[in-house]
Amino acid sequence: MDKFVKRGKRKASPDASTPKPASKNVNDDQDNDDENESTDVKLAKLSSVHPDLDQHLLLDFLLAHNGSVKATLESIKFSSRNHIRLDSKPSSKIKTVKAQTSLRSFALATPTPTTPSTESEQTSPQKKRPKLLSRKGATLHLYDPEDIAQHTPCTVIHNFLPEEEANDLLKELVEEARSFQKITFKLFDNVVSSPHTSGFYVGTDYELNEQRSQYVYNGAKIEDVRKLTPRLEKIKPLVQEAVNREIQERIRTVYGGKKLKYQSPDPWRPNAAFVNCYNGPEESVGWHSDQLTYLGPRAIIASLSLGVTREFRIRRILPLPQDSSPSSSASLDLDPNLSGQISLPLPHNTLLIMHADMQESWKHCVTPARSISPHPISGNIRINITYRDYKPEFHPRFTPRCKCDVPTVLRVVQKKNNENLGRYFWMCHAGNVPGKEGCSFFQWAEFDDDGRPMGNTTIDGIKARAAKEEETKK
């Protein structure tokens, strides 16, 4: 996969500067030569079989199938057989997306550092980082994992699972997704449904009962809580190992050797998973930051993508001082780069890690797609698994309750140029339930440097109770 996402200059054909279509049957020797051929040769082979399809469309198919010509041909065949429309020419009204050479090719010798925008970022020494390359009103498409790690708060690992294991997990979850439902909630006095379906999974019967009886989401309890499927349980330790390794790598290479303020020093342990199903190009999820209520500040979330490739977009939401010198003005001006978007295409079997600097300072979404390249196993479906670490000190029994007698939701101030920028607070969430009105409850949340609640004398008791509950589960 790396040689397709770290695309250098295209190799010229040995016979001519432009590769000529292969005259032999493309399927005869795909299993042997895919690993050694340049992208141009692969595109030439695809063009020889489908001369009516645009090169950019063929490249999108090729990237979606990890550079495999055979898998690409099967996918195109699947589309034709199922009468799925493939545009032979890109629309003049819609800009086509092209993969770029790694941004490291254009790196400056002395990168321009960015200045931390919140107290929690300012107290952690960070290495100098190159200026974000996204621009206001534009979308920067990143493919190279090293570019992604350098310019976003994310890590991407392609081909995370062995191929057969990833395919078996996809098959299992496509079947599970048949019974998924859309989440219904209230938005500005209107009852709306999520533009995709989802299911929620935990590991044990004890956790399942706790989720059904104690935990509140969007102001209400959820009934459809499931135990992790055998394959979700099997890959959980693999995800845990990868995430903890990448956390340490990010602390070393990005945070200057020290974790962020409020970031937990404890190992990341996934104990819950939301599984989202996007059935077709229209299904999506809007701009949002994930809830921190049961995860605590500086939460880390791991997301495994299976099936159809979709664009995961992120954008920075906090202002940065333009002058980082001691004499700089106290006022915060918006950096013009912050309004831009960054798009990360996530092919089948890709693990995305959203690090501790993600949820408070960035928003993310999955946008509707103009068209998609069907996957040989799932067709038009994309499955997304988000593993989360629910922390015992943020159990609903320990969080403030509002006048509605409902556990409150934890949020962070994200308004631009606000004097409380980056501060956490608890507020009522009951108003998100259709047919219910919330109350005006508000309380600032205080944490120690490791993200544990302050002013709560029961932290040791919480840990002791959590340890006892772990023993009960066994």
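Student: Before we start, what does buried mean here?

Tutor: A residue is buried when its relative accessible area is under 20%, exposed when the area is over 50%, and partly exposed in between, with a 1.4 Å probe and protein chains only.

Student: And what kind of model is it, and how are things numbered?

Tutor: The model is predicted, so local features need a pLDDT of at least 70 and side-chain atom pairs count only at pLDDT 80 or more, while totals for chains, interfaces and linings use all residues. Residues are numbered from 1 along each chain as its sequence is written, and side-chain values rest on heavy atoms, with hydrogens and water left out.

Student: Okay, helix α10: which residues are buried there?

Tutor: The buried residues of α10 are Leu-232, Ile-235, Lys-236, Val-239, Ala-242, Val-243, Glu-246, Ile-247, Arg-250 and Ile-251. The element names come from DSSP runs numbered from the N terminus, where a helix is H or I with at least four residues and a strand is E with at least two.

Student: How far does α10 reach, and where does it bend?

Tutor: With 24 residues, α10 spans 35 Å from its first C-alpha to its last, which is close to the 34 Å expected at 1.5 Å a residue, the expected span being 1.5 Å times one less than the number of residues. A bend of about 30° sits at Lys-236, and a proline, Pro-237, follows within four residues; the bend is the angle between axes fitted to the seven residues ending at a residue and the seven starting there.

Student: Switching to strands, how covered is β14?

Tutor: Strand β14, residues 381-388, is mostly covered, as eight of its eight residues are buried. Ile-381, Ile-383, Ile-385 and Tyr-387 point one way from β14, while Arg-382, Asn-384, Thr-386 and Arg-388 point the other way.

Student: Which strands pair with β14?

Tutor: Strand β7 (residues 272-279) pairs with β14 in the antiparallel sense over eight bridges, and strand β9 (residues 301-307) is joined to β14 by six bridges, also antiparallel; two strands count as paired if DSSP finds at least two bridges between them. Ala-272 stands opposite Arg-388, Val-275 has Ile-385 as its bridge partner, and Ala-302 has Tyr-387.

Student: What else does β7 pair with?

Tutor: Strand β5 (residues 197-202) is joined to β7 by six bridges, and the two run antiparallel. Phe-200 has Phe-274 in β7 as its bridge partner.

Student: Phe-200 and Phe-274 are aromatic, so which ring cluster do they belong to?

Tutor: Ring pairs link Phe-200, Tyr-215, Tyr-217, Phe-274, Tyr-294 and Tyr-390 into a cluster. Rings of Phe, Tyr and Trp (its six-membered ring) pair if their centres lie within 6.5 Å, and planes under 30 degrees apart count as stacked, over 60 as edge-to-face and the rest as tilted.

Student: What is the geometry around Tyr-217?

Tutor: Phe-200 and Tyr-217 are edge-to-face, at 5.7 Å centre to centre with 65° between the planes. Tyr-217 and Tyr-294 have ring centres 5.7 Å apart and planes at 70°, so this pair is edge-to-face. The second pair links distant parts of the chain, with Tyr-217 in the loop between α9 and β6 and Tyr-294 in the loop between β8 and β9, 77 residues apart.

Student: New topic, how many salt bridges are there?

Tutor: The structure holds 19 salt bridges, each being a side-chain nitrogen of Lys or Arg within 4 Å of a carboxyl oxygen of Asp or Glu. In one of them, Lys-259 meets Asp-450 at 3.2 Å, N to O. Lys-259 lies in the loop between α10 and β7 and Asp-450 in the loop between β17 and α11, so the pair ties together parts that are 191 residues apart in sequence.

Student: Which network do those two belong to, and how accessible are its other members?

Tutor: Salt bridges link Lys-259, Asp-266, Asp-450 and Arg-452 in a network, and within it the side chains of Asp-266 and Arg-452 meet at 3.2 Å, N to O. Asp-266 is partly exposed at 40% relative accessible area, whereas Arg-452 is buried at 11%.
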